[in-house]
Amino acid sequence: MTSISQSALATAPIYEAGPKDPWWRHAVIYQIYPRSFADANGDGIGDLPGITSRLDHLQKLGVDAIWLSPFFQSPQKDAGYDVSDYRAVDPLFGDLDDFDAMLKRAHELGLRVIVDLVPNHSSDQHEWFQAALAAAPGSPERERYMFRDGKGANGSQPPNDWKSVFGGRAWTRVTEADGSPGQWYLHLFDSSQPDFNWENPEVRAYFEDVLRFWLDRGVDGFRVDVAHGMIKADGLPDWDAEQAMIAKGDTPAGTPLEELEGDDEPDEDTAPGDGNEGPMWDQDGVHDIYRAWNRVLADYPDDRALAGEAWVHDLERMARYVRSDEMQQTFNFSYLTSKWDAQHLREVVTESLDAFGSVGAPSTWVLSNHDVVRHASRLGLPVPGSLPKGIAADDAQPDERLGLQRARAATLFMLGLPGSSYLYQGEELGLPEHTSLPDDVRQDPGFFRTKGAETGRDGCRVPIPWDPDAPAYGFNETGESWLPQPAGWRKYAASAQYGDPHSTFELYRSMLRLRKEHELGTGSLAWVEAGLEGADAQNSVAFVNGDVLVVLNLEGTPVSLPKGAEVLVSSGELEIKDDVTNVPARTAVWAKLG
Ligand code: NOJ
Ligand code: CA
């Protein structure tokens with residue numbers, strides 16, 4: 001048994017209450033993946049009218065804002081992260097009128113709206129890239145992208161040895177207008193996603209116009225894709241390390257349990273940070289871009305915001321993106337990739353609050369998104385919280401029940417932290433990853449470019465269930481679905497969870513209501529460290545935020561709450577014995593201090 005003593009609750013906070021304004025300092029932001037949220041026209045792909053029709057779900061849930069992954073015109077080679085026209089809606093998702101209607105409805109419901117900006121690269125179908133292909137080497141058209149002559153005889157070798165994040169090399173050779181083998185262009189991702197040349201003022205001016213286009217329509221901000229990649233080191237020096245969006249400390253899903261046991265310290269050469277370092281990432285020059293964008297947003301009223309997607313693992317480097325004249329938020333991937341381990345969790349939270357606090361910014365917190373295995377499944381793996389690049393049918397399968405139990409506890413812990421939190425569509429339903437998609441339906445370019453060595457991200461992108469008894473679980477009326485939904489998702493359907501006090505949806509709803517009531521997002525944090533006493537104390541973590549005690553018992557013997565603490569919400573059943581409330585393993589609780 002582990003107990004929390006009264007005296008330990010009086011520890012001074014390591015992080016003090018932040019300002020209540022602007023909204024992004026404490027907002028809970030819900031990520032909508034438009035292809036998979038709701039499909040109004042029944043073609044099997046989610047769309048903007050579908051989103052509008054389901055916004056009441058989000059109001060009921062109680063989030064403050066939504067972030068939409070790309071819905072812009074795109075050949076969809078990377079699910080829309082390959083944009084061919086930044087100012088147009090792809091017909092798959094609707095049109096600009098549909099966008100305006102969605103935005104209007106969201107605002108009526110009190111939801112702010114953030115859209116996704118993809119500035120590191122465009123689609124190869126973008127008019128500028130097509131013009132660059134048609135133009136000659138050295139032309140202004142080619143100067144908008146990263147064209148270089150090849151090395152070796154006849155330029156037949158790529159300009160350097162960089163690798164693509166999706167596998168294979170990061171360069172593709174073009175054929176010149178006269179039919180001869182020509183220059184090479186850089187693509188840190190798929191060959192259909194050529195990198196822009198951000199040293200070119202024309203590119204900078206173009207994106208400022210794109211920002212204004214959406215700001216004028218009324219969006220509340222932008223999530224900035226690959227925010228750490230736009231500037232490359234001078235001379236493009238060689239760097240042949242494998243690239244990875246997710247740090248390579250991952251444990252492959254199929255790793256047998258006996259190889260994992262006792263291996264809780266990552267090896268030096270696989271520590272997080274690997275795969276995200278090199279002359280293409282986190283160059284100082286990116287910050288000038290965000291300073292300029294900060295000035296663009298400042299021309300508009302109502303606290304518009306930028307949220308950077310920068311896979312930078314050094315939290316102090318990460319905090320540079322949110323200095324007061326740059327972006328407002330940046331995703332905390334160190335938190336997302338943290339292990340299911342009390343000490344590690346404490347360290348990551350402390351370091352995050354220190355690093356972001358030192359530049360006056362709030363921390364963000366996130367557990368799931370469209371690029372990683374859903375946390376309800378990650379936390380059900382043999383090593384809970386390990387980060388495989390997708391899970392396939394012949395990999396070790398997550399334990400669904402344990403995963404969900406841990407996921408509910410992990411989210412209760414996260415939403416108790418001061419700062420802003422991101423939720424990924426479906427996690428409020430307790431949705432697991434689809435771990436048995438057949439290879440012939442997969443769409444992730446990472447799967448194809450690695451020839452299947454990486455399972456990829458399709459498993460977290462499956463259309464979400466709304467209604468247990470409708471076709472495609474209510475995703476649409478036709479039963480079409482761009483990725484098949486697994487059998488067994490009936491129980492996760494939203495309408496089956498509404499009003500059920502044990503459902504994950506109602507848990508999320510209570511958390512979001514109480515988080516507002518107790519102002520946890522703008523609160524403070526004091527670890528209850530010395531106060532966690534007992535043999536198993538290292539398996540638990542607890543902090544006080546304002547008048548709320550947050551306790552997470554990861555895997556230990558029960559933790560008893562101090563007398564007089566009134567339970568506000570818990571992620572699972574608590575044990576009450578002789579007037580003492582105990583928090584069992586894989587359970588978290590918020591309790592009001594008397
Ligand atoms: C990060 C996005 O989240 C991911 O989905 C995309 O594939 C890459 N950036 C490339 O745009
Ligand atoms: Ca559709």
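This is a predicted model: local features need pLDDT of at least 70, side-chain atom pairs count only at pLDDT 80 or more; totals for chains, interfaces and linings use all residues.
Over how many bridges do strand S7 and strand S9 pair, and in which sense? Residues are numbered from 1 along each chain as its sequence is written, chains are lettered from A and ligands numbered from 1 in the order in which they are written, and side-chain values use heavy atoms, with hydrogens and water left out.

**Figure 1. The antiparallel sheet.** S7 and strand S9 (residues 181–186) pair in the antiparallel sense over two bridges. Strands are DSSP runs of E with at least two residues, helices are runs of H or I with at least four, and both are numbered from the N terminus; two strands pair if DSSP finds at least two bridges between them. The open sheet consists of three strands in the order S7-S9-S8. Its edges are strand S7 (147–148) and strand S8 (171–175), each of which pairs on one side only. Arg-148 stands opposite Trp-184 in S9.

**Figure 2. The parallel sheet.** Eight strands, in the order S13-S12-S10-S6-S3-S2-S15-S14, form an open sheet with parallel pairing. At its edges are strand S13 (329–330) and strand S14 (364–366), each pairing on one side only. Three bridges link S14 with strand S15 (residues 420–424) in the parallel sense. Val-366 stands opposite Tyr-422 in S15.

**Figure 3. Side chains at the oxygen atoms of ligand 1.** An N or O atom in the side chain of Asp-371 is 2.5 Å from an oxygen atom of ligand 1, and for His-370 such a distance is 2.8 Å. A polar side-chain atom of Arg-457 lies 3.0 Å from an oxygen atom of ligand 1. Taken alone, ligand 1 exposes 300 Å², and the protein buries 100% of that (Shrake-Rupley method, 1.4 Å probe; for residues, only the protein chains shown count as cover).

**Figure 4. Two loop residues.** Pro-22 is found in the loop between strand S1 (2–4) and strand S2 (28–32). The peptide bond from Asp-21 to Pro-22 is cis, with omega near -5°. Glu-519 lies in the loop between helix H15 (504–517) and strand S16 (526–527). Although Glu-519 is not a glycine, its phi is positive, at about 50°.

Terms used. A polar contact is a pair of N or O atoms within 3.5 Å; within protein, one must be able to donate a hydrogen and the other to accept it, and residues adjacent in sequence count only if both atoms are side-chain atoms.
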